[in-house]
Amino acid sequence: MSVMRTFSPFLAVMLVLPVACGGGAEQDTGGTPAGDANAYTVPADSAAVIAGVVHFEGTAPTPEPIDMSDEPTCVEKHPEGPAHRRVVVNDNGTLRNVFVWVREGLGDRRFGAATDQKVIDQTGCMYEPHITGVQTGQALVFRNSDGLLHNVNAQPEANRPFNISQPTNMDSERTFSQPEVMIPLRCDVHGWMEAYVGVVDHPYFAVTGEDGSFRIENLPPGDYTIEAWHEQYGTQTAQVSVAAQQTGETTFTFNAGMAGRPVPLGPPLDPHDHGPVATAAAGGAH
């Protein structure tokens, strides 16, 4: 196995709004493929794994506090005080909330859609989890567990924008038809609420959790480009070759010097204002 790491500048050209709901302690490890006669199935005797850890080098930044004093119901859910989850360095010196996915190497294989739902919960005026991965066509449920007015405002580039109002405890479901890494979300009612969704057309992705590790299973053997995306520190890629029934290992290391500005956010969406869209179409813009 050969591993090579390269660092690329932060790719954040999405004029979108983050939604509110922070990090997740548990690692997101992709979706469950649905039955599809034309979908590629990895033979059990050749399935491979790519695993690794995302390290943080240097002094961990102090979490930025959030003033939720106007929402006492949410304050009660944060006994240690709420803080932004843009950068979460674990006790073992690893980095949480990094989206790791297979960027290249799957060729023209087509994979079945995921049958399970993913949920982003609005609880304690935060999004849970902060980083989520889904497959194209996979159901993503936005849940309001606070019983307070929230909204989920997303303006992807490749997918259709939406702005969901959730005035009380309720669920709203959406899907994405096109791959897009990443889609920022935001709550316009509570400006600190931010989250990101990574959409890919295969089940090979993960999100680092409390130990900074990731594991991508059931891969066909081959040569892959793996990308690690972090909202503050940008992206890195690694080349990994893995054989049948083997585990290819790689690591990524981010540090504070890599910090760029956060993904830019656009103004709140007006669902009745279609002027810019019509103008762009007339001018041949994408």
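Predicted model: local features only at pLDDT ≥ 70, side-chain atom pairs only at ≥ 80, totals over all residues.
Phe 176 has a partner. Together with Phe 162, it forms an aromatic pair that is tilted. Phe 162 lies in strand S9 and Phe 176 in the loop between strand S10 and strand S11, so the pair ties together parts that are 14 residues apart in sequence. Phe 162 is buried as well, with a relative accessible area of 9%, and Arg 174 lies over its face, at 5.7 Å from the ring centre.

The structure holds nine aromatic pairs. Here are two of them:

| Pair | Centre to centre | Angle between planes |
|---|---|---|
| Phe 56 and Tyr 233 | 5.7 Å | 35 degrees |
| Phe 162 and Phe 176 | 6.0 Å | 40 degrees |

What does the pair of Phe 56 and Tyr 233 tie together? Phe 56 lies in strand S2 and Tyr 233 in the loop between S15 and S16, so the pair links parts that are 177 residues apart in sequence. Both Phe 56 and Tyr 233 are buried.

Elsewhere, ring pairs link Tyr 40, Phe 111 and Tyr 204 into a cluster. Arg 109 lies over the face of Tyr 40, at 4.9 Å from the ring centre.

Now for the wider picture. The protein chain has two helices and 17 strands, and 48% of its 286 residues count as buried. Its largest nonpolar core has 27 residues, of which Val 100, Leu 219 and Phe 252 touch the most other members. Strand S2 supplies the largest share of this core, four residues. A second, separate core of 24 residues includes Ala 154, Leu 185, Cys 187 and Ala 195.

Notes. Residues numbered from 1 in each chain as written. Heavy atoms only, no water. Buried < 20%, exposed > 50% of the residue type's maximum accessible area, 1.4 Å probe, protein only. Core = buried A, V, L, I, M, F, W, Y, C linked by side-chain atoms within 4.5 Å. Phe/Tyr/Trp six-rings, centres within 6.5 Å; stacked < 30°, edge-to-face > 60°. Lys NZ or Arg CZ within 6 Å of the ring centre and 35° of its normal.
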